[in-house]
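The following exercises concern the structure shown below. Each task is followed by a worked solution.

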Number of protein chains: 2
Amino acid sequence: MAHETQTLNERAQLLLKALVERYIADGQPVGSRALSKLSGLDLSPASIRNVMADLEDMGFIASPHTSAGRIPTARGYRFFVDTLLTVKPLDRLEINQLEGQLQIESTQKLVTSVSHVLSELTRFAGVVVTPRRSAGFRHIEFLKLSEKRLLLILVTADGDVQNRIILTEKSYSPSELIEASNILNQNYAGCSFEDIRRRVQAELKQLRENMTQLMTAALAAGDQAVSESAEDVVISGEVNLLGVNDLSSNMDKLRELFNLFEHRTTLLQLLDHSSRAQGVQIFIGGEAGLQPLDECSVVTAPYEVDGKVVGTVGVIGPTRMAYERVIPIVDVTAKLLSSALAQR
Amino acid sequence: MAHETQTLNERAQLLLKALVERYIADGQPVGSRALSKLSGLDLSPASIRNVMADLEDMGFIASPHTSAGRIPTARGYRFFVDTLLTVKPLDRLEINQLEGQLQIESTQKLVTSVSHVLSELTRFAGVVVTPRRSAGFRHIEFLKLSEKRLLLILVTADGDVQNRIILTEKSYSPSELIEASNILNQNYAGCSFEDIRRRVQAELKQLRENMTQLMTAALAAGDQAVSESAEDVVISGEVNLLGVNDLSSNMDKLRELFNLFEHRTTLLQLLDHSSRAQGVQIFIGGEAGLQPLDECSVVTAPYEVDGKVVGTVGVIGPTRMAYERVIPIVDVTAKLLSSALAQR
DNA sequence: CATTGGCGCTCCTCCCGGAAGAGTGCTGGC
DNA sequence: GCCAGCACTCTTCCGGGAGGAGCGCCAATG
């Protein structure tokens, strides 16, 4: 149990690397014999067993039972991805293919397609945390649905269209509605609702009473639209995880996992963590602090607009995943998403 | 194998009913002994065995192996739901609770919440085929995003907001855009795009060239919006099916099933069938013609607006489901949805 | 002193066979 | 027509080898 030496000599590292790679490849505990052949070190199984015993003492590997080979622990995976892993970047062709599958028509579609592409490429679950809406609006429009129900259409600065139904106390005439939207559009387009609220109070004291009521409602709705839709997470390809043996063998875990997927807020917290760091980040097993994920790893990368992080993309799969492949995919996808968003 | 008598005498029916009910309740093959106690017929197991042999000959029940009890076949279920089943309608309280959970803010939310409620109540998967959009528009708006990209905002007659990006060949000035939308809104609000197209050609020959271009683009986009979003199917609570023993025991089937869920169009075809009939309809096992569903039943009911069927709600669960409970739930939900839609 | 072959040990998996239990089909009596 | 009884069939559930994989330890070796 004593994790004596925290530093691994080169041989131990090489063996650990070979072991993890092998285990990732075929999911069977790896024995000394197999390692002896794989490692390229020309060591006998007996010598390797010594090293393996050390690695086990240090908590990098473990054996499921007395006489099986060893499998990596979470700590082993951690060390592996941090210092042993050699990722090979995607080649130009793959990037182009990936890019070709993105649907750039709207932010919504873009996000969905990114999530989808991630799941398709990795055959795990793809997730994207949608960007927070920027706080301003580009255009606003009131539309009368019935006596006291107004439809507020709000085009946000990033070109997304939001709509909300407002219940009013009194009935407004079409011309009043047009007037209100004109005022807002002509004077305040591009400002944040925060600003508008302040300026409306200052500048438009002379506005007719009912008009300010309308404005207030609009601003409230706008605020709400911004804050409510602040962040959301889009998941694709959960089904893929049904086909992953490591996960589908214990049904109960699998159910927990899928329940987690329905619980957007929890997932959001986890993914938000990643947007603080920059570059690809990896959560292995329970590191994220969520039990349902203890057989899973989450590979994430933040994406940005104008140099500011606005969201996260990621892949959720079994801990035993081909990191050297998943990592560049997530990395590139985040970058492609960033640049796709920059073009609007 | 010869399905000799197609008519079942009363005793046989009673026994079949008891058998199916018992099997639905606990999922174990039902033996003659158990039936003898359940049926209330005061018959000995031996006599019951005779009847069971007949039922088996007629294809209503089958035994998994020589010495297990019997379980209903698809045909048995069919007969059960068609003529033996006694559904007890939901009481007022339950209906109110159900109604309280619907979100009536928008058609979209309404449909989602209906699907969700169905899955919550039945603990299976809830599906809703969204209504076809009515073909007219209530309001239309052009918004310039960049030089050659316009955002078309379209409020459909049923109050939903659609938006599409139009790529134009030339650049339009804001006033041109306003003019175009004014023309459309003032003259053609409420008409179908079909009509508009005809009338625009007839009445507005004198329009400036670039204006007609814009109109054409708008109409095309409108058409597309209507046809594209013609029908879609919303599923909730697929996760629930992971917890259903009958399904989760064979992983492969389960995966097929979940793949089916991702394949909206196939599902749509199935559900569309149901909108022809009126009232609750039930597809048992493979009756729907889809293998992934052969361990499932689908309970559907159409819903309507102004007396016209516009969509379908339904529940997908294991064949061994509590029909007497699911049927009224689906039935009532369809009616609630109809009346919720009528209020707009 | 690191490396290595050898040996004993543990534990898993697979397979077999017997016992128990459930439920049927059949038969002969009422 | 109903039913008690009986033989039969299958499934499920251990328990006990046999085989195999892989480890730990040890003593020999360069």
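**Exercise 1.** How do the residues of the lining of the second largest pocket divide into nonpolar, polar and charged?

*Solution.* The model is a predicted one. The division of the lining is 10 nonpolar, 10 polar and six charged residues.

**Exercise 2.** Determine whether chain A is as compact as the globule rule would give.

*Solution.* Begin with the composition: chain A has 14 helices and 10 strands. The globule rule gives 20 Å for 344 residues, whereas the radius of gyration of chain A is 27 Å, so the chain is more spread out than a compact globule. Next, consider the C-alpha trace, which spans about 90 × 40 × 35 Å along its principal axes. Finally, 50% of the residues of chain A count as buried.

**Exercise 3.** Identify the buried residues of helix α4 of chain A and what covers them.

*Solution.* First, list the buried residues of α4 (residues 74-84): Gly76(A), Tyr77(A), Phe79(A), Phe80(A), Val81(A) and Leu84(A). Second, find their cover, which includes α1 (10-26), β2 (71-72), β8 (281-284) and α14 (323-342) of chain A.

**Exercise 4.** Which residues touch the most other members of the largest nonpolar core?

*Solution.* Among the 166 residues of this core, they are Val313(A), Tyr323(A), Val313(B) and Tyr323(B).

Technical notes
Residues are numbered from 1 along each chain as its sequence is written. Chains are lettered from A and ligands numbered from 1 in the order in which they are written. This is a predicted model: local features need pLDDT of at least 70, side-chain atom pairs count only at pLDDT 80 or more; totals for chains, interfaces and linings use all residues. Side-chain values use heavy atoms; hydrogens and water are left out. Ala, Val, Leu, Ile, Met, Phe, Trp, Tyr, Cys and Pro count as nonpolar, Asp, Glu, Lys and Arg as charged, and the others, Gly among them, as polar. A nonpolar core is a set of buried Ala, Val, Leu, Ile, Met, Phe, Trp, Tyr and Cys residues joined through side-chain atoms within 4.5 Å. Buried means under 20% relative accessible area, exposed over 50%, partly exposed in between (1.4 Å probe, protein chains only). Helices (H or I, at least four residues) and strands (E, at least two) are DSSP runs, numbered from the N terminus. Contact means heavy atoms within 4.5 Å. The radius of gyration is taken over C-alpha atoms; the globule rule is 2.2 Å times the number of residues to the power 0.38.
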